[in-house]
Amino acid sequence: MVKLRFHNSVKPFVKWAGGKGQLLPQLDKCLPVGLENREFTYVEPFVGGGAMLFHMLQKFPKIGKVVINDINPYLVTAYRTIKNQPDELIERLSFFESQYFALEDEEAKKAFFLGAREIFNEEDLDDVDRTKYLIFLNRTCFNGLYRVNSKGNFNVPFGKYLHPTICNRDIIKADSEALNRVDVTILNGDFEHTLDNIDDGYAFFYFDPPYRPLNATSSFTSYSKEDFNDEEQIRLRDFCALLNERMDVDWMLSNADCSAKNPEDRFFENAYADFYISRVFASRAINANPSKRGKLTELLISNYPPEGYGVRVAEDVDFYNQAI
């Protein structure tokens, strides 16, 4: 087995619900065969924290172009700031960090956090300050969540961490270098618009949309004020089907394994009946109820057969494919 090597500093600069860091070795096994031997455009329409993005940038030096997109405008601003203004961001964020760490008790830190949250929600900020506040709130809020209310305001409470890492200079610099190593287009909008930004030639899309809830009480989809409901999931399926008509596009998509929770809920098996469905093991750490954290399976859907597709591997190896 080939062991993947990751540069220690090139990794997501924010913690994001549903982040794919712990799934990278499994996702890597399901990439198209021979991807490392060809030049291609990499497209990620729901980039989120960017674990898969930074992995792809490190592993595949023949990537000619990258197109990333997210519906969250402040996250998109952060990517652009880290790409274009990393030194100024580090300067402002490190000063902000020193102000926070100078506070001696938890109540003072909480007041500082709430003040920062109010500024983030209410004030008109330049791109560097917007990113500074986003990273600060992400590192000091409860569980590192990003959640907004119906008005689009960030509403996650204080996290009570004693000494969180707020300004990680190495990660910001390494991510900036990675984003400048190739032609990167950074979009903010609907996932379908990514198709308008790819050139002729082979492209690989990886989709990591807001997951469909496993049950009525597990619907954490509020990364933005817009809901990603079943109609949106079907619209995404239709977009994948459209991509499938292009001879020069492969795609892979992650989502919740709803039928593992409820065998009668075969939403994805029905929606993607014409494609390949695999399962991977994942760990869910972001849940208010500790009893609901732990290992479960997620779906990987693609328009090509992943290596080993249909071969059931022993469940103790953290990975299996199963034809459905």
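Predicted model: local features only at pLDDT ≥ 70, side-chain atom pairs only at ≥ 80, totals over all residues.
Visitor: Fine. How many helices and strands are there?
Guide: The chain has 10 helices and 8 strands. These are DSSP runs numbered from the N terminus: helices are H or I with at least four residues, strands are E with at least two.

Visitor: And what share is buried?
Guide: 51% of the 324 residues. Buried means under 20% relative accessible area, exposed over 50%, and partly exposed is in between, with a 1.4 Å probe and protein chains only.

Visitor: Let's do helix 7. What does its buried side pack against?
Guide: Helix 2 (51-59), helix 3, helix 4 and strand 3 (183-188). The buried residues of helix 7 include Ile171, Ile172, Asp175 and Leu179.

Visitor: Helix 4 is on that list. What span should it have, and what does it have?
Guide: Its 16 residues, 86-101, should span 22 Å, and the end C-alpha atoms are 22 Å apart, which agrees. The expected span is 1.5 Å times one less than the number of residues.

Visitor: Which of its residues are buried?
Guide: Pro86, Leu89, Ile90, Leu93, Ser94, Phe96, Glu97 and Tyr100. Seen down the axis of helix 4, they fall within an arc of 165°, so they line one face; the arc is taken from the directions from the helix axis to the C-beta atoms.

Visitor: Why would that spacing put residues on one side?
Guide: An α-helix has 3.6 residues a turn, so residues three or four places apart point the same way.

Visitor: What's on the face turned away, and what does the buried side of helix 4 touch?
Guide: Asp87, Glu91 and Phe95 are the exposed residues there. The buried residues pack against helix 3 (73-84), helix 5 (106-122), helix 6 (127-140) and helix 7 (169-179).

Visitor: Switching to aromatics. How many pairs?
Guide: There are 28, counting rings of Phe, Tyr and Trp (its six-membered ring) with centres within 6.5 Å; planes under 30 degrees apart are stacked, over 60 edge-to-face, and the rest tilted. Phe267 is buried at 17% relative accessible area, and Phe268 is buried at 1%.

Visitor: Which rings form a cluster?
Guide: Ring pairs link Phe46, Phe191, Phe205, Phe207, Phe228 and Phe239.

Visitor: What sits over the faces of Tyr202 and Phe96?
Guide: Arg38 lies over Tyr202, 3.7 Å from the ring centre, and Lys132 lies over Phe96 at 4.5 Å. The rule asks for NZ of Lys or CZ of Arg within 6 Å of the ring centre and within 35 degrees of the ring normal.

Visitor: Last one: which non-glycine residues have positive phi?
Guide: Among them are Asn143, with phi of about 60°, and Lys160, near 65°. Asn143 is in the loop between helix 6 and helix 7, and Lys160 is in that loop too. Asn143 is buried at 13% relative accessibility, whereas Lys160 is exposed at 55%.

How values were computed:
Residues numbered from 1 in each chain as written. Heavy atoms only, no water. Contact = heavy atoms within 4.5 Å.
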